[in-house]
Amino acid sequence: NHISGKMVGLRAALLLLLAMQCSAAPTTCSDVTYQITSWWQGAFVARFTVKNHDYGFTFEWTFLDSITVSSGDVWGATFDSQSGNTVSVTLDSDKNIFTFQGTPGSEVGQARVSGYKINGVTCGPAASTPAPVSLPCSLVNYQVTSSFDTFFIVRVALTGDAQHGFIEWTWSDSATVTGPPWGGEVVSSTSTTIKVAAGGDAFGLMLTADAPRTISNLKINGVACSA
C-alpha cells in the first residue's frame, strides 16, 4: 500500500506538470485577429480578438507606425503602458476581445501591428498568410455631385467589405484635394492618385481642377478590384 500510494502521488505530480506545460504553451499568432473598425480625421478605432485562451490575460503589441493609445481610450481591457510604439493592456476577467482608439503622430498607412505577446510570451508561428482577396468594383460608387469652374465635389459610396476600407484610384488628369475630406482620412495623394481610409459607408472630397475627373485603377484594401 505504501508503494501504491507513492505511485499514485507520482502519477498525480506528472499529470499536474503536464497540465502546467500545456497551459503555458503560447497561443499561435493565427488566433489573434486585428481589425480597424472605423477611421476619421485624426484618429481610428480598432479591435483585437484572441481565441483559444483564458480571459483576463495581459496582451502586448507593437505598431509599425507612430500611434498613441491613451488610458481612457481602451474598452474591454485596462491600459497598462505604452513605450514607444509598444502597447500593453490587461483584458477584463470576462473578455478575450477589446477595442481601442489610436491617434496617429503622422501619416499612419494602415495602422499596422506586429509583435504580439500574451502574458509576456510571444505567440507561436502564424498560419500562412492567405492571398489578398479581389473585391468587386461595384462595391465602390464614385459620383461627381457638383462641378464649378475651378473645383468639383465627389461622393464615394461603399457597400459590403469596402466599408471602412482603404480605397485608392488614379485620376484621368491632375487634381488637388482641397481641405480635409468628410467621412474619411486621406492616407496619401499625388497630383494623379489618391488613397483614402474610409470611416464608414461613404466619404466625400473637394478637388481643385478645371473640370471633373474620371477614375481608373481602382483598388480596395490594396488590391485591384474585379469587374
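**Figure 1. Surroundings of Arg213.** The backbone oxygen of Ala211 and a polar atom of the Arg213 side chain lie 3.3 Å apart. A polar contact is defined here as a pair of N or O atoms within 3.5 Å; within protein, one must be able to donate a hydrogen and the other to accept it, and residues adjacent in sequence count only if both atoms are side-chain atoms. The model is predicted: local features need pLDDT of at least 70, side-chain atom pairs count only at pLDDT 80 or more, and totals for chains, interfaces and linings use all residues. Residues are numbered from 1 along each chain as its sequence is written, and side-chain values use heavy atoms, with hydrogens and water left out. Arg213 belongs to the loop between β17 (202-208) and β18 (215-220); helices (H or I, at least four residues) and strands (E, at least two) are DSSP runs, numbered from the N terminus. Arg213 counts as buried because its relative accessibility is 9%. The class limits are under 20% relative accessible area for buried, over 50% for exposed, and in between for partly exposed (1.4 Å probe, protein chains only). Leaving aside neighbours within four places in sequence, the contacts of Arg213 are Tyr142, Val144, Phe152, Trp171, Ser172, Asp173, Ser174 and Ala175, where contact means heavy atoms within 4.5 Å.

**Figure 2. The largest nonpolar core.** This core has 28 residues, of which Phe48, Phe59, Trp61, Phe63, Val89, Phe98 and Phe100 touch the most other members. Two or more residues each are given to this core by β1 (32-40), β2 (43-50), β3 (58-63), β6 (77-83), β7 (86-91), β8 (97-104) and β9 (113-118). Strand β2 provides the largest share, 4 residues. A nonpolar core is a set of buried Ala, Val, Leu, Ile, Met, Phe, Trp, Tyr and Cys residues joined through side-chain atoms within 4.5 Å. Not counting residues up to four places away in sequence, Phe98 touches Ala46, Arg47, Phe48, Phe59, Trp61, Val74, Trp75, Gly76, Ala77, Val89 and Leu91.

**Figure 3. Aromatic pairs around Phe48.** The structure holds 19 aromatic pairs. Rings of Phe, Tyr and Trp (its six-membered ring) pair if their centres lie within 6.5 Å; planes under 30 degrees apart count as stacked, over 60 as edge-to-face and the rest as tilted. Phe48 and Trp61 make a tilted pair, with 5.0 Å centre to centre and 50° between the planes. Phe48 is in strand β2 and Trp61 in strand β3, so this pair ties together parts that are 13 residues apart in sequence. Phe48 is buried, at 0% relative accessibility, and Trp61 is buried, also at 0%. The rings of Phe48 and Phe100 are stacked, because their planes lie at 25° and their centres 6.2 Å apart. With Phe48 in strand β2 and Phe100 in strand β8, the pair ties together parts that are 52 residues apart in sequence. Phe100 is buried as well, at 0% relative accessibility. Ring pairs link Tyr34, Phe48, Phe59, Trp61, Phe63, Phe98, Phe100 and Tyr116 into a cluster.

**Figure 4. An open antiparallel sheet.** Five strands form this open sheet in the order β15-β16-β13-β18-β19, and the pairing is antiparallel. Strands β15 (184-189) and β19 are the edge strands, each pairing on one side only. Two strands pair if DSSP finds at least two bridges between them. Strand β13 (residues 166-171) and strand β16 (residues 193-198) run antiparallel and are joined by 5 bridges. Glu168 has Lys195, in β16, as its bridge partner.

**Figure 5. Surroundings of Cys225.** Cys225 is placed in the segment after β19 (223-224). Cys225 counts as buried because its relative accessibility is 14%. The C-alpha atoms of Cys225 and Ser134 are separated by 5.1 Å, although these residues are 91 residues apart along the chain. Cys225 touches Ser134, Leu135, Pro136, Cys137, Leu218, Lys219 and Ile220, residues up to four places away in sequence not being counted.

Figure 6. Most residues other than glycine have a negative phi. Asn119, which is not a glycine, has a positive phi of about 50°. Asn119 is found in the loop between β9 and β10 (121-122) and is partly exposed, with a relative accessible area of 44%. Asn217, also not a glycine, has a positive phi of about 55°. Asn217 lies in strand β18 and is exposed, with a relative accessible area of 55%.
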